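Have a look at how they sit beside one another in the structure below.

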Amino acid sequence: MIKLEHLTCKYDNTILEDINLNISQNKITFIVGQNGSGKSTLGNILSGLKNDFKGNLFINKKEITKKTPLLEIRKLIGMIFQNPNNQILFTRVYDDIKFTLENMNTKKEDIDKIIKKALEQVNLLDKIDSNPYNLSGGEKQRLAIASILALNPKYIIFDEATSMLDINNRQDIYKLYKKLNNNNIGIICITNIMDELIYADEILIIDNKKIFKYTKEELFNNLNILKEHNLNIPFTLKIIDELKKKGISVNTEDEIIKEISSL
């Protein structure tokens with residue numbers, strides 16, 4: 001579990017104020033809020049990229065402070081960014097992940113096995129000798145995920161990781177969220193694509209320096225919660241709400257399509 005105690009973070013003004021929050025490892029957690037609300041700031045704090053905060057941060061009972069080496073934090077939590085091209089360094093998929101492992105002082109005799117396992121987890125093993133720059137956008141993003149998985153983290157943060165992908169590649173990433181979470185990796189997704197909330201277990205809304213936590217069921221049963229936080233109700237949730245009025249319960253896009261097709 002990730003635990004925040006009285007966490008406050010400031011730039012020129014206060015972004016997050018006196019936050020007390022738990023994030024479960026066995027759930028898929030989405031973070032939403034208006035632009036500038038502090039979503040990426042929270043992600044950077046959790047991933048160790050920003051440490052000038054007040055309060056306490058624990059990742060699986062390990063306290064994270066300014067003195068905690070980034071290499072130690074990477075063994076607990078990794079981060080995937082919006083543009084996968086920014087995370088590619090070499091002209092061979094294998095070497096891109098190998099570089100990550102070498103920086104973590106991984107034993108040489110273990111590297112090959114770890115790389116193949118990580119690529120297999122994201123269905124890229126057949127691209128092991130390919131040039132990353134020749135991969136599709138979705139494949140590049142899965143390569144970035146494989147580089148994080150090679151470190152065997154407890155959590156992965158996705159910071160708008162699907163925003164540059166087409167719908168088919170987004171679907172691949174959504175399925176990967178569930179697969180990884182089923183393998184006991186905590187998934188934390190920062191997004192501006194509100195329709196993605198259908199893939200959440202829990203939802204964090206950042207509003208006016210505070211964080212409000214809801215289960216998927218709480219939010220879907222009261223869409224006015226989004227309006228109260230000055231957020232638009234996404235089209236997908238509107239459909240779910242209309243189907244619910246007809247006595248039809250759906251929880252995934254596939255279920256929505258199936259029910260609409262049968263009407």
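Helix α6 spans residues 167-182 and holds both Tyr-174 and Tyr-177. The two tyrosines are 3 residues apart, about one turn of the helix. Keep in mind that this is a predicted model.

How many aromatic pairs does a search of the whole structure find? The search finds 5. Tyr-174 and Tyr-177 form one of the pairs, and this pair is tilted.

Tyr-174 also pairs with Tyr-199. Why is this pair stacked? Planes under 30 degrees apart count as stacked. The planes of Tyr-174 and Tyr-199 are at 25°, so the pair is stacked. This pair links distant parts of the chain. Tyr-174 is in helix α6, while Tyr-199 is in the loop between β8 (186-190) and β9 (202-207). They are 25 residues apart.

Here are the two pairs in figures.

| Pair | Centre to centre | Angle between planes |
|---|---|---|
| Tyr-174 and Tyr-177 | 6.1 Å | 50° |
| Tyr-174 and Tyr-199 | 4.2 Å | 25° |

Are these tyrosines buried or exposed? Buried means under 20% relative accessible area. Tyr-174 has 6%, so Tyr-174 is buried. Tyr-177 has 3% and is buried. Tyr-199 has 18%, so Tyr-199 counts as buried too.

Ring pairs also bring in Phe-30 and Phe-158. Together with Tyr-174, Tyr-177 and Tyr-199, they are linked into a cluster.

Conventions
Residues are numbered from 1 along each chain as its sequence is written. This is a predicted model: local features need pLDDT of at least 70, side-chain atom pairs count only at pLDDT 80 or more; totals for chains, interfaces and linings use all residues. Side-chain values use heavy atoms; hydrogens and water are left out. Rings of Phe, Tyr and Trp (its six-membered ring) pair if their centres lie within 6.5 Å; planes under 30 degrees apart count as stacked, over 60 as edge-to-face and the rest as tilted. Helices (H or I, at least four residues) and strands (E, at least two) are DSSP runs, numbered from the N terminus. Buried means under 20% relative accessible area, exposed over 50%, partly exposed in between (1.4 Å probe, protein chains only).
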